[in-house]
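This report describes one protein chain for a reader who is new to it. Please keep the sequence and the structure in view while reading.

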Amino acid sequence: MYTILVVDDSPMIVDVFVTMLERGGYRPITAFSGEECLEVLKTTTPDLVLLDIMMEPMDGWETLEKIKTAPATRNIPVLMLTAKPLTPEEANEYGVYIEDYILKPTTHHQLYEAIEHVLARRHSIAADIERAREAGADPQVIDEYERLSKSVDINKRLLKILETTYSIKDARAGMGENITRAIKSMAMSIKLQEERLDQIRAQFADIFEAH
């Protein structure tokens with residue numbers, strides 16, 4: 001049973017997500033602020049954190065940075081949970097830290113799909129890395145593969161959210177030039193990362209075949 005830490009300053013919302021998680025077969029634990037989240041993480045290591053953004057005095061982004069810059073907690077996957085639309089600036093600044101971005105309100109199905117996707121991706125990448133190490137692949141290339149595998153998948157999901165958010169929001173007024181440019185830049189960055197990832201996968205395939 002996976003342990004999921006739910007962090008939100010609204011007890012009502014925490015209760016809703018606790019109920020959803022329990023129905024899905026997860027073990028929820030709770031925190032009602034960024035500070036309390038960090039305290040919980042000193043003694044407990046959940047399999048995943050659902051972290052609200054709009055909290056005071058420490059918001060979700062600040063909490064996220066503290067989780068991801070501390071050696072003891074940086075490997076815990078964090079899903080941002082919010083009613084606030086994602087901006088291109090946030091996607092660019094925090095994309096390296098997060099595993100997904102879930103917009104409230106969300107359904108049971110959407111929540112379970114997001115959680116299982118993150119956990120499955122982590123297991124898949126870990127298995128690929130273990131196999132590459134056993135086959136004697138270059139450690140630096142393995143590290144690059146780990147970073148790119150996660151980055152490409154997450155950024156694709158964030159890009160989809162941005163495209164959906166701003167196509168709906170700005171359908172009448174026309175999408176702002178800066179937002180359009182940021183989304184195009186993100187799409188190009190993903191394309192370049194995917195090309196490099198394909199090169200690494202081809203290298204691994206050659207090593208596995210020769211091993």
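## Pockets, cores and overall form

The lining of the second largest pocket divides into 5 nonpolar, 4 polar and 5 charged residues, where Ala, Val, Leu, Ile, Met, Phe, Trp, Tyr, Cys and Pro count as nonpolar, Asp, Glu, Lys and Arg as charged, and the others, Gly among them, as polar. The model is predicted, with local features needing pLDDT of at least 70 and side-chain atom pairs counting only at pLDDT 80 or more, while totals for chains, interfaces and linings use all residues. Residues are numbered from 1 along each chain as its sequence is written, and side-chain values use heavy atoms, with hydrogens and water left out.

A pocket is here an open set of points on a 1 Å grid over the protein atoms alone, where a 1.4 Å probe fits and protein lies on both sides within 12 Å along at least five of seven lines; lining residues have an atom within 4 Å of a point. Grid points are joined across faces, edges and corners, and a volume is the space filled by probe spheres set on the points.

| Pocket | Volume |
|---|---|
| Largest pocket | about 790 Å³ |
| Second largest pocket | about 430 Å³ |

Of the 14 residues that line the second largest pocket, Asp-100, Tyr-101, Ile-102, Arg-157 and Ile-161 are the closest to its centre. Strand S5 (100-103), H5 and H6 each give two or more residues to this lining, and H6 gives the most, with 6 residues; helices (H or I, at least four residues) and strands (E, at least two) are DSSP runs numbered from the N terminus. The largest pocket is lined by 28 residues, with Val-96, Arg-147, Lys-150, Ser-151 and Ile-154 nearest its centre, and H6 again gives the most to the lining, with 7 residues.

The largest nonpolar core has 31 residues, and Leu-5, Met-80, Tyr-101 and Leu-158 have the most contacts inside it. Such a core is a set of buried Ala, Val, Leu, Ile, Met, Phe, Trp, Tyr and Cys residues joined through side-chain atoms within 4.5 Å, and buried means under 20% relative accessible area (1.4 Å probe, protein chains only). H6 also gives the most to this core, with 6 residues.

Overall, the protein has 7 helices and 5 strands, and buried residues make up 44% of its 211 residues.

Key
Buried < 20%, exposed > 50% of the residue type's maximum accessible area, 1.4 Å probe, protein only.
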